[in-house]
Protein chains: 2
Amino acid sequence: MNIDKSLLSGSYGMMILSLLKEREKYGYQMINELALRSDDTFKMKEGTLYPILHSMEKQGYVESFEKKTDGGRVRRYYRITKKGLKALEEKKAMWKEYLSKVNAVMEPKPLESRG
Amino acid sequence: MNIDKSLLSGSYGMMILSLLKEREKYGYQMINELALRSDDTFKMKEGTLYPILHSMEKQGYVESFEKKTDGGRVRRYYRITKKGLKALEEKKAMWKEYLSKVNAVMEPKPLESRG
DNA sequence: TCCTATACATAGATTATCTATGTATAATAT
DNA sequence: ATATTATACATAGATAATCTATGTATAGGA
């Protein structure tokens, strides 16, 4: 299925922080993990990811450092900060709230069963 | 809770078609129902709704007609078409797919339990 | 040696939504 | 009667998230 890209809006940030909560990762790796775990539903472009990472670093949600591979290639790793962990929890709470409200609109409770 | 507006992206269309599936409605009414059912989480602006309705009409998802109230006020009602019903089903399928993929990214299955 | 995958990056386009504003009428309060 | 507020539709321009397109550079395999 080819999902409307507009649906993605806003959830990419949450997903990236979630990936980084597991362990520190570099950009290209995050793109690949997103594709792998979502069966290619989320094929994030570099032009999407790097600006997000840079902005998150500026906000203090992640910090980055360079690391060399055995082959000599330099990678920029990102690590989630305490502030980023807090932001992730907030984003997840918002996400749940959002889902429940969409559900409430699409499947309204009959009057007699409302709080 | 104040939800990131970017999360809304793309789901408004689905919610509007869903409201219209119940019965024909006019614009202002949809705005109010969205707010009521979502406990004011979705406070859609006219500047958002009317362009969406016009575009949906152009796409053939809805058709509209004017109706007079007892008071003499003229309202423009919208009615979902067959094409719109089909579009709604597609949007709902995409929505479910999207939710399940976000979930798969955020809570990856351990290797041994993957299909 | 050439091609592909890896790796990071930026500029500009696209699109959904918002803010702001405008017009007009009905209902309500003073 | 008159003023205010809610209703009702509408458009223009701003904002922000993502995309497309492009660039640079290196590693690894054919």
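Tutor: Start with helix α5 (residues 82-106) of chain B, which gives the second largest cavity the largest share of its lining, three residues. Helices here are DSSP runs of H or I with at least four residues, strands are runs of E with at least two, and both are numbered from the N terminus. This is a predicted model, so local features need pLDDT of at least 70 and side-chain atom pairs pLDDT 80 or more, while totals for chains, interfaces and linings use all residues. Residues count from 1 along each chain as its sequence is written, chains are lettered from A and ligands numbered from 1 in the order in which they are written, and side-chain values use heavy atoms, leaving out hydrogens and water.

From chain B you'll find G10(B), M14(B), K91(B), M94(B) and W95(B), and from chain A come D4(A) and L7(A). A cavity is a set of points on a 1 Å grid over the protein atoms alone where a 1.4 Å probe fits but cannot get out, and its lining residues have an atom within 4 Å of a point. The second largest cavity holds about 50 Å³ of space, the volume being what is filled by probe spheres set on the points, which are joined across faces, edges and corners. Its lining splits into four nonpolar residues, one polar and two charged. (Ala, Val, Leu, Ile, Met, Phe, Trp, Tyr, Cys and Pro are nonpolar, Asp, Glu, Lys and Arg charged, the others, Gly among them, polar.)

There are two cavities of 30 Å³ or more in the whole structure. Around the largest cavity sit G10(A), S11(A), M14(A), K91(A), M94(A) and W95(A), together with D4(B) and L7(B). Here α5(A) gives the largest share of the lining, three residues, and both α2 (11-22) and α5 (82-106) of chain A supply at least two residues each. The lining of the largest cavity has four nonpolar, two polar and two charged residues.

A salt bridge needs a side-chain nitrogen of Lys or Arg within 4 Å of a carboxyl oxygen of Asp or Glu, and the whole structure has 20 of them over all chains.

Next, the sheets. Chain A has an open sheet of three strands in the order β1-β3-β2, paired antiparallel; strands pair if DSSP finds at least two bridges between them. In chain A, β1 (25-26) and β2 (62-68) are at the edges with a single partner strand each, so one side of each has no neighbour in the sheet. Seven bridges hold β2(A) and β3 (residues 74-80) of chain A in their antiparallel pairing, and one bridge has E63(A) partnered by R79(A).

Chain B has an open antiparallel sheet of three strands too, ordered β1-β3-β2. Two bridges connect β1(B) with β3 (residues 74-80) of chain B: K25(B) partners Y78(B), and Y26(B) partners Y77(B). Between β2(B) and β3(B) there are seven bridges, including E63(B) with R79(B). Five residues lie between the strands of that hairpin, where G72(B) has a positive phi near 105 degrees.

Definitions and conventions. 1 Å grid on protein atoms, 1.4 Å probe; cavity = no way out; pocket = protein on both sides within 12 Å on 5 of 7 lines; lining within 4 Å.
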